[in-house]
Amino acid sequence: AAAAAAAAAAPLYDVVVSGGGMVGSAMAAVLGHDVHFHDKKIALLEAGRRKEYERMPDHYSNRVSSISPGSATLLSSFGAWDHVCSLRLKPFRRMQVWDACSEAMIVFEKDDLDDMGYIVENDVIMSALTKQLDAVADRVEVFYGSRAVGYTWPLPSHSCDTSPWVQIELADGRRLQTKLLIGADGHNSVVRKEAEIKNIEHRYDQSAVVATLYLSEATDNNVAWQRFLPTGPIALLPLSDTASSLVWSTSHEHASELLTMDEESFVDSINSAFWSNINHSDFIDTAGAMFRSAISLLKPSGTAVRQLPPSIAKVDPESRAMFPLGMGHATEYVQHRVALIGDAAHRVHPLAGQGVNLGFGDIACLAHHLSAAAFNGSDLGSLKHLLKFETERQRHNVSLIAAIDVLKRLYSTRLAPLVLLRTWGLQATNALPPVKVRIL
Amino acid sequence: LFRLPVKRLFSTLHSSVDSTEMKKFQLLAHKWWDEEGEYSALHSMNDIRVPFIRDTLLNMSSNYHLGSPLSGVKILDVGCGGGLLSEPLGRLGASVTGIDPLEDNIRTADQHKSFDPVLAKRIQYKSSSLEEIVEESVETFDVIVASEVVEHVADLELFIKCCSQVLKPEGSLFITTINKTQLSYVLGIVVAEKIMGIVPDGTHEWEKFVPPEELERLLELNGFSVKAVNGMLYNPLSGSWSWMESTSVNYAMHAVKSGAQEQSSPREALAEVESEQPSATAGSA
């Protein structure tokens, strides 16, 4: 009886998702649309305000994401992708990646000329997710302007007199209880810290500069460009036939300079970064050329045509911004009644455009296991199925995260041996379809 | 129609509850809900027995309530222990009555469900034997589950007759238990209890294991029609259960009580004990 009275105090949810960014909101929406969660109670805690647009503003937002076809499939599984398409997005067919210190280049494109991915503004994704959360408002309760300030963890269930649920205290004093807490609160995850899950993290000595750029001339802008400079990769992601989004990872000092310099100089820096060959050395160029002829003897089609990136004319005045970069990986993704997804579990360098796609992959896997558990009448917070999610995702994520970290370090140098290694490596990879397909 | 004979037939001299069995479970009454503890194999058995019950019932019914596949189904969980099987069935929408002769088990079960308001409403626990509830529960339940129970009862045929009493016509009976074979002795007792400690030592007595043929015979004799028999296998390394062809160790059985018109054999058996009962099927005696 005492237990029942205590339980009546704070409302009990089946699942609480902490963090209403793209990954947290999508997680709540996917569960809300799951047939086996029809009678369940889900809550989403978001510190910010509600984000919804009927029509996008004329200017592009400077925070964009590269959405993989797999992520697009997840978003369409609960009706969000239709909203994205009706707002705005830019499909791209091709990705050209090359080195500033040599001629080496790798081109990714799908054989059937399908879309390789989509460049979508984060605000567009959020708006689509908000709409789909509204559609299941009877199951998913969204708490805007709410931040969790404290968590109380239950003992693993034996018979005891204390509540078996996770207790959550909000900043405004309200309390919630839940059978499963999903931490989607970003790379500085409070859920992860409070659960005392160790995080392997490393701050890169780099910041990313973002901006919205206008091209010199309108073009069939369906290629994503990335060039590895010694200071870091610079990427141009298509937004429309006349505009592209910039993501330039570089040293903190250089990033600050880029932000403060006048618009003309900024545009010049970008064009120079893509076109200049000052980092080439004769030695590397010759070695690279030799390797290329060797490849073309063995595999005639193994060297691709080099396309030229567009040149930039103007930058959108208000759009320049910077943020620091780092990597992180939680040693555990789950605990009794707790699961981490998205950046709370893993943080990567933007050079591979994978960040949010890893988060969407986490969602697809976790939702699959939770749906099966619900259909079996299981306790949703039970480690049994949470561990299956952790194993599947760690197996997938760890190698990718490590590879991105290695690439970042490999390309951060001018030292000839390493440049040669990555030059030949890139050229070889470009010539070998099986390896390229694996990367995709 | 059945009230008088029921009272006389099921007197307390005959009981399906075995008191030595009860003592064994008394010692472990508070260990039910430790998923990694003594009852871990029963916890992981839910992964196959709950889908078995759920899918069998879904196949037989035409209603489906989104999110609550067993909504509207009244289930009796006989020998419910700490409620390990009652809770998932309750979560799937069923109204569950869990009975167990051991008060400590019922106390544990009640306490565990009390924290979840949905389960607290859907599940009712009673400390009682099956015979004790027969009187007030004639033809009350749509489904009876007797999982890992029949190998502990004193009188199996009595147990089955009682099940028939409380089950509605065409209701389902689900039983999981252990076969009586050399293999089940080696795996079920020697390995499981003595060597690996998968099951607490002394839980089972090989003499009381029930071969599926015997169970099927008793069921058919008492108005049931056996619809499915499946072998089950426990993998101690992974801690998980799976289905298998052979019923030589563990198995699950699904039987359906015949509809109101078709009763002949049960009356025959009862007529032997209650000779003054007016028999509506005198022709079949």
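**Stop one: Arg88(A)**

Select Arg88(A), which sits in chain A in the loop that runs between α4 (80-87) and β4 (90-92). Bear in mind throughout that the model is predicted. Is Arg88(A) buried or exposed? Its relative accessibility is 17%, and the cut-off for buried is under 20%, so Arg88(A) counts as buried.

Next, show the polar partners of this side chain. The side chain of Arg88(A) comes to 3.0 Å from the backbone oxygen of Pro57(A). With the side chain of Glu121(A), the Arg88(A) side chain makes a polar contact of 2.7 Å.

Now display the surroundings. Leaving out residues up to four places away in sequence, Arg88(A) touches Met56(A), Pro57(A), Asp58(A), His59(A) and Tyr60(A), along with Val120(A), Glu121(A) and Val124(A).

**Stop two: salt bridges**

Side chains of opposite charge can pair when their charged atoms come close. Over all chains, the structure holds 26 salt bridges; a few of them follow.

Select Asp172(A) and Arg174(A). Their side chains form a salt bridge with an N to O distance of 3.1 Å. Asp172(A) is exposed, at 51% relative accessibility, while Arg174(A), with a relative accessible area of 39%, is partly exposed.

**Stop three: between the chains**

Select Lys384(A) together with Asp47(B). These two form a salt bridge whose closest N and O atoms are 3.5 Å apart. Why does the pair join two chains? Lys384(A) belongs to helix α11 (residues 383-410) of chain A, whereas Asp47(B) belongs to helix α3 (residues 40-60) of chain B, so the bridge links one chain to the other. Lys384(A) is partly exposed at 36% relative accessibility, and Asp47(B) is partly exposed at 30%.

**Stop four: within a helix of chain B**

Go to Glu103(B) and Arg107(B), a salt bridge with its closest N and O atoms 3.5 Å apart. Where do the two residues lie? Both are in helix α5 (residues 103-113) of chain B, four residues apart, which is about one turn of the helix. Glu103(B) counts as exposed, at 51% relative accessibility; Arg107(B) is exposed as well, its relative accessible area being 51%.

Finish by selecting Asp14(A), Lys179(A) and Asp116(B), which are joined into one network by salt bridges that share partners.

Methods
Residues numbered from 1 in each chain as written. Chains lettered and ligands numbered in written order. Predicted model: local features only at pLDDT ≥ 70, side-chain atom pairs only at ≥ 80, totals over all residues. Heavy atoms only, no water. Buried < 20%, exposed > 50% of the residue type's maximum accessible area, 1.4 Å probe, protein only. Polar contact = N/O pair within 3.5 Å; in protein donor to acceptor, adjacent residues only side chain to side chain. Contact = heavy atoms within 4.5 Å. Salt bridge = Lys/Arg side-chain N within 4 Å of Asp/Glu carboxyl O.
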